[in-house]
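Please read them with the structure open beside you.

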Amino acid sequence: MNKLNRYSLGLYFMILIFTACKTPSAIQQTNNSVLIPASATESEIVRLAANVTPSARQQAWQEMEFTAFFHFSVNTFTELQWGKGTESPSVFNPTALDARQWVKTAKDAGIKLVILTCKHHDGFCLWPSKFTEHSVKNSPYKNGKGDVVKEVAEACKELGVKFGVYLSPWDRHEKTYGDSPVYNQFFNNQLTELLSNYGDIAEVWFDGACGEGPNGKKQVYDWKSYYSIIRKLQPHAVIAVMGPDVRWVGTESGYGRETEWSVVPASSQSLTDIAANSQQKTGDGTFLPPGDMRGIDLGSRAKIATAKGLIWYPSEVDVSIRPGWFYDSKEDSKVKSPEKLLDIYFSSVGRNSLLLLNIPPDKRGLLHENDVRNLQLFKKMADDIFTTNYLSGAKITSDSQSGKQKAEYCIDADNKTWWAAAPDKSSALLEATLAGPQTFNVLMLQENIQIGQRIESFILEGWVNGSWQKLCEGTTVGYKRLLRFDSVTTDRVRLRITGSRLNPTLSSFGLYLNKSEMNK
Ligand code: FUL
């Protein structure tokens, strides 16, 4: 895995934007970025950070919460994780491909968007690209008349699931790879095909891998030209990972940071440094990115204090349901269990990130029975937990409010309404009385991120045996925070927001019961 410093590239891109629109005197604040004046004090920086908000495309992306990858290529048939680029298209021969089964399985699991590896590092294209012979058109699949991208796009359209594309810049097959301008044109031609012929694309996912070309030359990617094609042809699509809209969380474990800020410094780093760090192979064949991206703190007050600019750059947690990204029959018994998937859900969606779960189709061209079963069981477990919010219908008060943003808006079923503390407050107390005693062990909080991400620390307490007892505590909330704690039975709870960058807001506040955790 060679995500190298994907993070740095997004930041680099933002710096280009800042530089382009800079005027010396005024604070430059678009909705999802801000330039920090040299004279800004620490508290001014904190206030600026609290006012950075997602772009419309970032907001729509975040609200999906749960998305999927389909890794499918010649690797599915060779059982390699990274194809060499020398595979014959004749190996690509799914016998029962059913893209509808892939998308339906995903949809039934609560997945809102699927991303297909239209071309992975091996260079084999799942669509009949005009610009290479290395594609489905020279495979036995449908006698060379097949187009897997089209089949997945059409299944998505039919089932109301969004569609995204993964197009690997690193191409181990293409002869022009390494002749930078020539290859960049080739890549842009392929990108244009994908973004023009398959309807709406909601996410374009770029990996940063940059291997040596067959000519021994190093390819220099022209990211700016890639981005401008995407913005022109699919303006609603987010560009993920090696792109300005969505940040890679920094691991492929499925576990995000407990403290996750969507507003991070826009620090410039050179593309040369990024490329130099891109091929750090570890013993097991994966790549590790360098430096900061894997740090536990990307956006705290200490991190933003010295920043020159800040950007909304939310985190995406990518993880495979199996050990590998591509199907491998030896892994049929290693599919992550429903319990593990639930734990991942709590630790990604529940930590202010979006979950991107890979479910790789097998040699038949179907999602394997084991993967389907575990996904279905996971969904059932999640539904059992989140169907009943014990706070709905409770009486709730707050020690302050901003204008008409009253406390009950955070426990109503409408996610678009919210409570906000009075403008001069950076802490708050919300107290709720339930209709009667209930047993619960899961907390769900959501900030109204359209106003900004603000909450820095909170404590949930329950009235137990005549006094307030701490049930759980956390740091950031962001789009969504889920916390599990020992089951408690009570009819009174209070949420103490003990730190916030500006007056805190909440669009959702929920208490749930995970029955499978009750007797542990
Ligand atoms: C990585 C790639 O090298 C893996 O094969 C996979 O596609 C993963 C999602 O990104 O960097």
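1. Helix α11, residues 338-348, is mostly covered, with eight of its eleven residues buried. The buried ones are Pro338, Leu341, Leu342, Ile344, Tyr345, Phe346, Ser347 and Ser348. Among the elements that cover these buried residues are β11, β12, α12 (369-386), β15 (428-446) and β18 (481-500). Keep in mind throughout that this is a predicted model.

2. The chain as a whole comes next. Its secondary structure comes to twelve helices and 20 strands. Of the 520 residues in the chain, 60% are buried. Taking contacts between residues at least 6 apart in sequence, 77% join residues at least 24 apart. The chain has an accessible surface of about 20,200 Å², and carbon and sulfur atoms account for 51% of that surface.

3. Which strands make up the open sheet, and in what order? There are eight, arranged β7-β6-β5-β4-β3-β12-β11-β8, and the pairing is parallel. The edges are taken by β7 (238-241) and β8 (247-248); each has a single partner strand, so one side of each is left without a neighbour in the sheet. As background, strands of a sheet pair through backbone hydrogen bonds, either parallel or antiparallel.

4. Strand β3 (residues 66-70) deserves a separate look. Five of its five residues are buried, so the strand is largely enclosed by the rest of the structure. Phe66, Ala68 and Phe70 point one way from β3, while Thr67 and Phe69 point the other way. Both sets are buried.

5. The pairing of β3 can be followed residue by residue. Four bridges join β3 to β12 (residues 353-358), and the two strands run parallel. Thr67 has Leu356 as its bridge partner in β12, and Ala68 has Leu357. Three bridges join β3 to β4 (residues 113-119), again in parallel. Here Phe69 stands opposite Ile115 of β4.

6. Strand β4 also pairs with β5, in the parallel sense, over six bridges. Is β5 enclosed or open? Five of the six residues of β5 are buried, so this strand is largely enclosed by the rest of the structure.

7. Helix α3 (residues 56-64) packs on the sheet and touches β3, β4, β5 (162-167), β6 (203-206), β7, β11 (315-320) and β12. The direction of α3 makes about 60 degrees with that of β12. Gln62 lies in this helix. At 1% relative accessibility, Gln62 counts as buried, because the cut-off for buried is under 20%. Leaving aside neighbours within four places in sequence, Gln62 is in contact with Pro314, Asn352, Ser353, Leu354, Ile449 and Tyr479.

8. The largest nonpolar core has 82 residues, and Val148, Val152 and Phe206 touch the most other members. Helix α6 (residues 148-159) supplies the largest share of this core, seven residues. Where does the core lie? Domain 1 (3-17 + 55-262 + 313-385) and domain 2 (395-518) both give residues to it, so the core lies between them. As a general point, nonpolar side chains in soluble globular proteins tend to be buried together.

9. Leaving aside neighbours within four places in sequence, Val148 is in contact with Phe72, Phe92, Leu97, Trp102, Leu116, Leu126, Val136 and Tyr141. There is also a second, separate core of 31 residues, including Leu391, Val464, Leu495 and Ile497.

10. Most residues other than glycine have a negative phi. Glu79, not a glycine, has a positive phi of about 60 degrees. Glu79 lies in the loop between α4 (74-78) and α5 (99-108), and is buried, with a relative accessible area of 19%. Lys142, also not a glycine, has a positive phi of about 50 degrees. Lys142 is in the loop between β4 and α6. At 46% relative accessibility, Lys142 counts as partly exposed.

Notes. Residues are numbered from 1 along each chain as its sequence is written. This is a predicted model: local features need pLDDT of at least 70, side-chain atom pairs count only at pLDDT 80 or more; totals for chains, interfaces and linings use all residues. Side-chain values use heavy atoms; hydrogens and water are left out. A nonpolar core is a set of buried Ala, Val, Leu, Ile, Met, Phe, Trp, Tyr and Cys residues joined through side-chain atoms within 4.5 Å. Buried means under 20% relative accessible area, exposed over 50%, partly exposed in between (1.4 Å probe, protein chains only). Domain bounds come from an automatic or database domain assignment. Contact means heavy atoms within 4.5 Å. Two strands pair if DSSP finds at least two bridges between them. Axes are lines fitted to C-alpha atoms, for helices over the stretch in contact, and angles run from 0 to 180 degrees between N-to-C directions. Accessible areas come from the Shrake-Rupley method with a 1.4 Å probe; for residues, only the protein chains shown count as cover.
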